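Here are my notes on the structure shown below. They are set out as numbered points and can be checked against the coordinates.

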Amino acid sequence: MKTKYRDLIIIIVIVLITIIGYFMISNAYKKTIFTSSVIKYRDTLVAEIDFENKKVNLIDQENNSVGYPKHDSTNNTITILGDYKIDGIRQEIVIKYNLEDRTMQVIEEESPNNTCLKQGVSNGKPISCIPNNVIIVFISSGTNYDDII
């Protein structure tokens, strides 16, 4: 009897710690006002979206990606090439940004199960597109690029 009671107490404590941790982490993202977002391909910065100054800064994408990234200011999209290949051709990833809402979203891409596309709109949580080797990270003022994984 005592063993079952102790086990129950331990399980309840673990569940409470997990729930509290989840809410602490999710609230940290909600309260933070992000000033910019960066798009990285293979750990190389290819674009920066400055939400405060409403500017988009593109850096030429390396690795035989002539003409990329592409910026479409009318649709608020940035197109880059990812690592995922179909018939030997690297596929495009289209990322939509919203300067007013400070959000980012992958709206078009090709990868197994479309994992990048399914992550939806983000206003703080990183968007990781592993099959294409692309990550979108949000930055608050004072964050150093070297701190970004």
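1. Cys129 counts as buried, at 2% relative accessibility; buried stands for under 20% relative accessible area, exposed for over 50% and partly exposed for the range in between, with a 1.4 Å probe and protein chains only. The structure holds 1 disulfide.

2. On the basis of these notes: this is a predicted model, in which local features need pLDDT of at least 70 and side-chain atom pairs count only at pLDDT 80 or more, while totals for chains, interfaces and linings use all residues. Residues are numbered from 1 along each chain as its sequence is written, and side-chain values use heavy atoms, with hydrogens and water left out.

3. Back to the disulfide. The torsion about the S-S bond of Cys116 and Cys129 is about 70°, so this disulfide is right-handed. Cys116 sits in the loop between β7 and β8 and Cys129 in strand β8, so the pair ties together parts that are 13 residues apart in sequence.

4. Overall layout. The chain has 1 helix and 9 strands, taken as DSSP runs (helices H or I of at least four residues, strands E of at least two) and numbered from the N terminus. Along the sequence the pattern reads α-β-β-β-β-β-β-β-β-β. Of the 149 residues, 34% count as buried. The accessible surface of the chain comes to about 9,700 Å², and 54% of that belongs to carbon and sulfur atoms; areas are from the Shrake-Rupley method with a 1.4 Å probe, and for residues only the protein chains shown count as cover.

5. Contacts and core. Among contacts with a separation of 6 or more, 37% are between residues 24 or more positions apart; a contact means heavy atoms within 4.5 Å. The largest nonpolar core has 21 residues, and the members that touch the most others are Ile39, Ile49, Ile80, Ile95 and Met104. The elements giving two or more residues to this core are β1, β2 (44-50), β5 (77-86), β6 (89-98), β7 (103-108), β8 (127-129) and β9. Such a core is a set of buried Ala, Val, Leu, Ile, Met, Phe, Trp, Tyr and Cys residues joined through side-chain atoms within 4.5 Å.

6. What does Ile39 contact, leaving aside its neighbours within four places in sequence? The list includes Ile49, Ile80, Ile95 and Met104, and also Val134, Ile135 and Ile136.

7. Aromatic pairs. A search of the whole structure finds 3. The rings of Tyr22 and Phe23 have centres 5.3 Å apart and planes at 70°, so the pair is edge-to-face. Rings of Phe, Tyr and Trp (its six-membered ring) pair if their centres lie within 6.5 Å, with planes under 30 degrees apart called stacked, over 60 edge-to-face and the rest tilted. Tyr22 is exposed at 52% relative accessibility, and Phe23 is partly exposed at 45%.

8. For Phe34 and Phe138 the ring centres are 5.7 Å apart and the planes at 55°, so this pair is tilted. Phe34 lies in the loop between α1 (2-31) and β1 (36-41) and Phe138 in strand β9 (residues 134-139), so the pair ties together parts that are 104 residues apart in sequence. Both residues are buried. With Phe51, Phe34 and Phe138 make up one aromatic cluster.

9. Salt bridges. There are 3, each a side-chain nitrogen of Lys or Arg within 4 Å of a carboxyl oxygen of Asp or Glu. Arg42 is bridged to Asp83, with the closest N and O atoms 3.0 Å apart. Arg42 lies in the loop between β1 and β2 and Asp83 in strand β5, so parts 41 residues apart in sequence are tied together. Arg42 is partly exposed, at 40%.

10. Glu100 and Lys54 meet in a salt bridge at 3.8 Å, N to O. Glu100 is in the loop between β6 and β7 and Lys54 in the loop between β2 and β3 (55-58), so the pair ties together parts 46 residues apart in sequence. Glu100 is exposed, at 59%, whereas Lys54 is partly exposed, at 42%.

11. Lys70 and Glu92 also form a salt bridge (3.8 Å, N to O). Lys70 is in strand β4 (residues 70-72) and Glu92 in strand β6, 22 residues apart. Lys70 is partly exposed with a relative accessible area of 40%, and Glu92 is partly exposed with 33%.

Note on methods. Disulfide = S-S within 2.5 Å.
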